[in-house]
Structure formats: structure tokens, C-alpha cells
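Biologist: Please take me through this entry feature by feature, giving the general idea first and then the case at hand.

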Amino acid sequence: MKLRKIYTNLLFKVFCGILLGILLGWLTLKGWFPQWIYRILLTFKGLFGSFLGFAIPLIIMGLVMPSISKLGKSAGRLLLITVGIAYSFTLFSGFSTYFASEAIFPSLLENQHIKPMGDEQVLTPFFSIQMPPIADVMTALVLSFIMGIGLSLKEKSVLSGVIEEFGEIVSWLIAKAIIPVLPYYIMAIFAEITFGGKVVSVIEVFFKLIVVLFIMHILLLIIQYLIAGGIAGRNPFKSLITMLPAYATALGTQSSAATIPITLQQAIKMGVSPRIAGFVIPLCATIHLSGSTMKITACAMALMLLEGMPFDLELFSGFIMMLGIIMVAAPGVPGGAIMAALGILGSMLGFNEEQQGLMIALYVAMDSFGTACNVTGDGAVALIVNKIEEGKSA
């Protein structure tokens, strides 16, 4: 059973995809592997990349519209407070990551560039099929906000049921048709990177980012609990230690939703009232993704530095604020957050297909740490909401 769990784990599959892609690219480069098989991989990469481009606006509409409409329908003081705190934590995570990365990454990634190391050979796919999306990303986002807010204001609506079913179809598309194929897509990307002589710099960056982001996640949790402890009048380090079982569970499950029972139990042990914990913890499993925001922001900055793409605080401010909203709608499956974020990575930061593929690989490689950070941070949100409600009833 344990072996079967490992083999079906998305991180394990992505890791195998990276290794196989490097091997196939290297063997083809050396002339020890038939070029036609490599070209089949390129053809698959192009087709799946086109399909992703087509699916991204659908993913945005299918996730954002029902999420906003549901939040509006249950709108109340407690909900607004919880959403406000969760979004504030998410923004803090994004902006602190930007400033930390701006200070650390230039020296950490000095003299490293994702460029060919020698004469780059070129092989092309056998064929390609264009799949134009039904709308661009910003159109899909604006339409989603309008529809979601509009539906939240209506008591009963036939369209609400349609939107909800559309969201279920999109969640099925992500969980059953996109996520399972991602390891093969990443394999094809790494085969192309290796064939082009870029793999050494990419792998070096992978390992550096994993170490740096793990440290940044821990620091983020300490800061969150210092803030929550200061507001709630609790020992922040004792509270954080109380939440460690939830952190450990999330490392294994890679799912905020699957960790809810443990997170709820530990939040109550911290002193959060069962009523507040029962409301805040399940809600935050969906809307509070500080760890995911940190990963996406840091990985995006690292890739832009390596590719020599210009960026500044103004560009990332808009990206981080929009990312915080997108994270609210991210589905609770491994890799779901990065799939929801692909649209704005392309539209706001200008990431191409290969860069989006590298972002997926980087994100999934650190998915356990990000999920554990999200889940543990939910306890800090619960502490603050609990204190606010205590003050109201006092």
C-alpha cells in the first residue's frame, strides 16, 4: 500500500518525468536515441501546450465565478473578517517574498542563465494544431468577477446552478485530464531543455530555490504567529508548536482539504473556540494560500532573472494582488494552485509555454511545503478572528 501511494504521488511522477526527460534529451543529443521519438515528444508538448492555452480561460471562469458567488451568498461579519485577514496574509506573503527575493536572488543566481551551452541543435515537431482560447485571460477574469458578484446578490437563480456545474466540470478537467498528464508534459519540456544544452543551469536553480523557499516558509509562519500572538495575547511559539501536527499531516497529504480535521483539532487546542474554529478552518483551507503565493512569486522572479526578463515592483504589485484573488479559487488538488495561476503568469508577466512548464515543475516539487505553510497559517487566522469575536461579545 505504501509503495502504491508513492507511485501514485504527483511529486514522484514529476520527479520521474524530469529524470526521464533529461535522459531522453541527452541520449538524443549524443545520437544514441532515435530522433523521431524525440520529435514525437515535441509534438505532444506542442499539442498539450496548445490545449493548456485553450483551457486557461475556462479554468479561470469555472473556478472564480462559483467561488465569488458562494462567498457572497453566505456573506456576514465573520466571513468578511476572515476573508480580509486571509487576503492580508496572502498579500503580506507575496510582497515580503518579492522584497526578500529581490535582495537574495541576484547574488544567489549570479552568473546563471537559462541559455544554450554550446551549439544548439534544432528539431521540430511532426505537426502542430492551434487551439485558440475562447477569450483572453483578462476578459475571462473580468467576466468572472461580474458574474460572480451578480450571482451573489440574487437569492435564487437558475444560472447559479449552471455556473456551479460548470465549475464542477472544470475541477474534473483539472483533476482528471490535466494534472495526470503534467508529468509527461514536464518530461517533454526537460527533454527539450537537455537537448538544447540548458539542463545544468535549470537543475542548479531548482535545488537552490527549494532550500531558500523552505527557509522562507518557516520565517513566514513565525511572522504570522508573532502577529496573531500579539493580537490574541497568546505565546506565538507555543501556538505554532501546537499546530505542528497539522503541518506534518499536510506534508504527507499535499492537500489543505484532507488536513482539515487535524487543523481543526489543533486550532481548538490553541484556545480557539470550537464555533470559530469550525467556521474559519474549513474556509481558510480554500481562501488562505500564503505558502502557495510565496512559491509562485519567488519562482516567477527567479525565472525572470535567469531569462533576463525585466521586472519591477509596479509589475509585481499588480501580479501579487491578482494572484491573491486567483488563489481563493484554486482547486484543492495537488498542483491546482499553479494551474489557476498560469493565466496571469502569461498575461501579466509574459511567461511563454516553456517558462510556464518550468513553473509547474518547480511548484509541484515544493507542493508539500507550500500546503503545510498554508494549513499551519490557518491557525494564525483563526487566533485573530477568535480574539475579534471575543472583543465583540465582551
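Modeller: Let us begin with contact, which means heavy atoms within 4.5 Å. Leaving aside neighbours within four places in sequence, M322 is in contact with M138, L141, F145, I344 and M348. Keep in mind that this is a predicted model, in which local features need pLDDT of at least 70 and side-chain atom pairs count only at pLDDT 80 or more, whereas totals for chains, interfaces and linings use all residues. Residues are numbered from 1 along each chain as its sequence is written, and side-chain values use heavy atoms, with hydrogens and water left out.

Biologist: In which helix does M322 lie, and is M322 buried or exposed?

Modeller: Helices (H or I, at least four residues) and strands (E, at least two) are DSSP runs, numbered from the N terminus, and by that numbering M322 lies in helix α14. For accessibility, buried means under 20% relative accessible area, exposed over 50%, and partly exposed in between, with a 1.4 Å probe and protein chains only; M322 counts as buried because its relative accessibility is 14%. One of its contacts, I344, is 22 residues away along the chain, and the C-alpha atoms of M322 and I344 are separated by 7.9 Å.

Biologist: How many helices and strands are there in the protein chain?

Modeller: The protein chain has 17 helices and zero strands. Of its 394 residues, buried ones make up 51%, and among contacts with a separation of 6 or more, 85% come from residues 24 or more positions apart.

Biologist: Where in the protein chain is confidence lowest, and where is it highest?

Modeller: The scale is pLDDT, the predictor's confidence in each residue, from 0 to 100. The chain has a mean pLDDT of 81, with 86% of its residues at 70 or more. Confidence is lowest in helix α1 (residues 2–8), at a mean of 55, and highest in helix α9 (residues 236–242), at 92. Over residues 116–120 the pLDDT is below 50, although in the model this stretch has eight contacts beyond near neighbours in sequence.

Biologist: How many aromatic pairs does a search of the whole structure find?

Modeller: Rings of Phe, Tyr and Trp (its six-membered ring) pair if their centres lie within 6.5 Å, and planes under 30 degrees apart count as stacked, over 60 as edge-to-face and the rest as tilted. The search finds 10 such pairs. In one of them, the rings of Y98 and F316 have centres 5.4 Å apart and planes at 40°, so the pair is tilted. Y98 belongs to helix α4 (residues 77–108) and F316 to helix α14 (residues 313–328), so distant parts of the chain, 218 residues apart, are linked. Both partners count as buried, Y98 because its relative accessibility is 1% and F316 because its value is 0%. Ring pairs also join Y98, F99, F311, F316 and F319 into a cluster.

Biologist: Over which ring does the charged end of K295 sit?

Modeller: A charge sits over a ring if NZ of Lys or CZ of Arg is within 6 Å of the ring centre and within 35 degrees of the ring normal. The charged end of K295 sits over the ring of Y363, 3.6 Å from its centre. K295 lies in helix α13 (residues 290–307) and counts as buried because its relative accessibility is 0%. Leaving aside neighbours within four places in sequence, K295 is in contact with L213, H217, Y363, M366, D367 and G370.

Biologist: With which residue does R275 form a salt bridge?

Modeller: A salt bridge is a side-chain nitrogen of Lys or Arg within 4 Å of a carboxyl oxygen of Asp or Glu, and by this rule the count comes to one. R275 forms a salt bridge with E389, the closest N and O atoms being 3.6 Å apart. This pair links distant parts of the chain, 114 residues apart, with R275 in helix α12 (residues 274–287) and E389 in helix α17 (residues 367–393). R275 counts as exposed at 56% relative accessibility, whereas E389 is buried, with a relative accessible area of 11%.

Biologist: With which residues is G379 in contact, leaving aside its neighbours within four places in sequence?

Modeller: G379, which is also found in helix α17, is in contact with Y225, M243, M270 and I281. G379 is buried, with a relative accessible area of 0%, and its C-alpha atom is separated by 8.3 Å from that of L240, 139 residues apart along the chain.
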